[in-house]
Amino acid sequence: MQSIENYDFSGKKAIIRVDFNVPLDGNFNITDPSRIRAAVPTIKKVLAKGGSVILMSHLGRPKGTPQDKFSLKHIVSAVEKEIGTKVDFANDCIGEEAIAKTSALKAGQVLLLENLRFYNEEEKGNEEFAKKLASYADCYINDAFGTAHRAHASTTIIAKFFPNDKMFGFVINGELDAIKKALDEPKRPFIAILGGSKVSSKITIIEALLKKVDKLIIGGGMSFTFTAAQGGKIGNSLCEKDQYETALRVLAKAKELGVEILFSEEEVCVKEFNNDSPMRVFPANEIEDGWMGVDISSKSIAKFDKAIQECKTILWNGPMGVFEMDNFAKGSKAIAESIAKSTSNGAFSLIGGGDSVACINKFHMADKVSYNSTGGGALLEYIEGKTLPGIAAILEK
Ligand code: AMP
């Protein structure tokens, strides 16, 4: 493995797996360019050191069929704007045009290849396909953390063709540093805040975190399964009856490990699932039938805020309520503010998972936390203790 800081790119072609899977509106305008922006330091480093750059990415889910709406040609001008250099485009990621354009590439030039997922071979991790991509370049940089948990051709398999010339870009280096800081060497006390809808989808993360944290806040829709499992009344709130045993097991394990679990004291409830539905606050374990909890109340916010201010490391995954509806976003917003305040007082905060990052962005607080993870699924798999194939492929000798 090489380091992007020290590698000699002079006169070399670098093929970089970036994550340009950006959201586009109906007119192909990029509604959030942050993924392109994130890749800029890596691209600029190669160019500044006298190399040339071949960019490859997926966009959307074309499932092996070329489709105009998933073409990366729509983002060429945005990439040019972000890196301040002209970007050429190859209409197919493999084939004659790609071969001709990559072989003609000169130092300082940038070429973007068409969507990798126009070929099923990409997601299948096909070795021949990976070999074709590898043939364009002298070195390989993986800078797409969001797909690092997938053994795809461009994220994992390709690395074997560069045994001495493979490395992480700055995005992945930043992610790994932030994750290590939070999970492997946390300053104590360490608090994790988990929310979102389902216990079943978060259980392996909860169990992995119990071994690492001092305190755990469980909020959002998944908290009701815990309340109901203990005999509380949750009205029509979200609930997974088949997870009662799991919930009780988590509570027992936390007790055994001395981890304090904090639940919402009171919930903001509605009768109908829409933003303008009249709201009523109930104690979280005494919600009347016909009402469902959609956000944490101010009393719960105060309780959670106190715990967050006492901690030195904070990990947040999952909203505290139905944050997509403005009237039920107050709890998630208050938690974001609390994390920002604790961060300004010296805590290290890592925000992970698509919805928590969406929360932080919605409330314009991205620059007030220590690190926003770009890879929801990849981060969660890392927390669960799984090996990410895209990371392992670079680390392997
Ligand atoms: P997840 O994908 O499991 O992290 O869940 C995120 C989703 O959980 C968001 O779309 C939220 O709207 C939803 N959510 C959070 N709290 C609640 C709640 N109290 N009732 C229903 N859905 C919720």
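Predicted model: local features only at pLDDT ≥ 70, side-chain atom pairs only at ≥ 80, totals over all residues.
Some overall figures. The protein chain has 14 helices and 17 strands. Its C-alpha trace spans about 70 × 45 × 40 Å along the principal axes. Among contacts with a separation of 6 or more, 73% are between residues 24 or more positions apart.

On charge, there are 50 positive and 51 negative side chains. The centres of the two sets lie 3 Å apart.

Now helix H7, residues 199–210. A straight helix of twelve residues would span 16 Å, but H7 spans only 14 Å between its end C-alpha atoms. Its buried residues are Val199, Lys202, Ile203, Ile205, Ile206, Ala208, Leu209 and Leu210. You will see a lysine in that list, Lys202.

Last, Tyr244, which is in helix H9, residues 244–257. Is Tyr244 buried or partly exposed? Tyr244 counts as partly exposed, because its relative accessibility is 25%, and buried would mean under 20%. Leaving aside neighbours within four places in sequence, Tyr244 is in contact with Thr225, Ala228, Ala229 and Cys239. Take Ala228 from that set: Ala228 and Tyr244 are 16 residues apart in sequence, and their C-alpha atoms are 7.6 Å apart in space.

That is what I have for today.

Note on methods: Residues numbered from 1 in each chain as written. Heavy atoms only, no water. Helix = DSSP H or I, 4+ residues; strand = E, 2+ residues; numbered from the N terminus. Contact = heavy atoms within 4.5 Å. Lys, Arg positive; Asp, Glu negative; His and termini not counted. Charge placed at Lys NZ, Arg CZ, Asp CG, Glu CD. Expected span 1.5 Å × (residues − 1). Buried < 20%, exposed > 50% of the residue type's maximum accessible area, 1.4 Å probe, protein only.
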